[in-house]
Amino acid sequence: MPTAPVSFLPALQQCLMSYSNHSSPLSFILTGIPGLEDVQFWIAFPFCTMYFMAVLGNTTVLLAIWMDPSLHLPMFYFLSMLAAIDLVLTTSTMPKLLSIFWFHSHEINFEGCVAQMFFIHSFSIAESGVLLTMAFDRYLAICKPLHYSAILTGPTTAKLGLVAVGRGTAIIIPLSFMVASLSYCGPHVIDHSYCEHMSVVKLACGDTRPNCIYGITVATIVVGSDSVLIVVSYRLILREVLGLSSREARLKSFCTCGSHIAVILLFYTPGLFSFYTDRWGQSIPAHLRILVADLYLLVPPMLNPLIYGMRTKQIRELVLSLLRQKGIPSRS
């Protein structure tokens, strides 16, 4: 759940303190968005609005699924996992980012920086894994409907969620300790709004090739394997849907899968742009690269509840009924 990182953070920081190199700095300085320092105060307002919408939307999805027993199904369990991960991603970055933009609170201690990097990258990998399990869920529901309930039992669903989160944690823990063991003897200024892996590694004065190779290898394998499996799943789904005799059934299947594909594109496109331009996109203006990286952790968590939750009839009806109970007028 979203509260897990809060209890895990002190233990991670203490472990990093004992492992960190003697040349590690006490703190870093986050610049925010390079080149846009004069307008960061105003940029913070739409960022804050999007953060509020992300927290409200994902919390609503979690509460709706928890309160309605009819939503205690694998598809909605995966949706609740996605909502919880999005809450972690936004909350691990946005409060600090807003404090930089509004209050010029640029300093972040070394352990906190590495911990923030851990949560950003591990839960990004976890989200990729959850999107893959959701594609698998849709494949079973459309292509193997008679075997759906037998395959995706409650324990199986829980194991798939644990594997998605566990994979991200297992991959990023070594990377976090590799960053903590580096020597930082130059300026401790990170040209970013948060502690992204390569932005931190660029400040090290030792050999950073293992970090670079590990980071690129992990990103390529994770994104490559997950995206290929997702494409295969939807190719099989498309073939099955086109074979349906009922036009209404085809339309319903396309609508269900369309929302998932929109979420996948919304997650992978800015993520890949941010990852590869940070390494090889020096010709792209720094403020554009950082702005896209900030929006990558903000826009998908804000839109996912709308794309999934509000397009899901059960969740939409439950939210509207809660609004009516509170006396808030609404339109279906």
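Which residue in strand 2 is the bridge partner of Phe 28? The bridge partner of Phe 28 is Ile 108. The structure is a predicted model, in which local features need pLDDT of at least 70 and side-chain atom pairs count only at pLDDT 80 or more, whereas totals for chains, interfaces and linings use all residues. Residues are numbered from 1 along each chain as its sequence is written, and side-chain values use heavy atoms, with hydrogens and water left out.

Confidence is expressed as pLDDT, the predictor's confidence in each residue on a scale from 0 to 100. The protein chain has a mean pLDDT of 86, with 90% of its residues at 70 or more. Helices (H or I, at least four residues) and strands (E, at least two) are DSSP runs, numbered from the N terminus.

Three strands form an open sheet of mixed pairing, in the order 2-1-3. Strand 2 and strand 3 each have a single partner strand and stand at the edges, so one side of each is left without a neighbour in the sheet. Helix 5 (residues 110-143) packs on the sheet and touches strand 1, strand 2 and strand 3, its direction making about 85° with that of strand 2. Two strands are taken to pair if DSSP finds at least two bridges between them. Strand 1 (residues 27-30) pairs with strand 2 (residues 107-109) in the antiparallel sense over three bridges; in strand 2, Glu 107 is the bridge partner of Ile 29. Strand 1 also pairs with strand 3 (residues 189-190), in the parallel sense and over two bridges, and Leu 30 has Ile 190 of strand 3 as its bridge partner.

Helix 3 (residues 74-91) packs with helix 7 (residues 154-180) at an angle of about 25°, their axes being 10 Å apart. Axes are lines fitted to C-alpha atoms, for helices over the stretch in contact, and angles run from 0 to 180 degrees between N-to-C directions. The two helices are therefore roughly parallel to each other, a term for angles under 35 degrees. In their contact (heavy atoms within 4.5 Å), Pro 74, Tyr 77, Phe 78 and Met 81 of helix 3 meet Thr 157, Leu 160 and Gly 161 of helix 7.

Terms used
Parallel < 35°, antiparallel > 145°, perpendicular 65-115°, else oblique.
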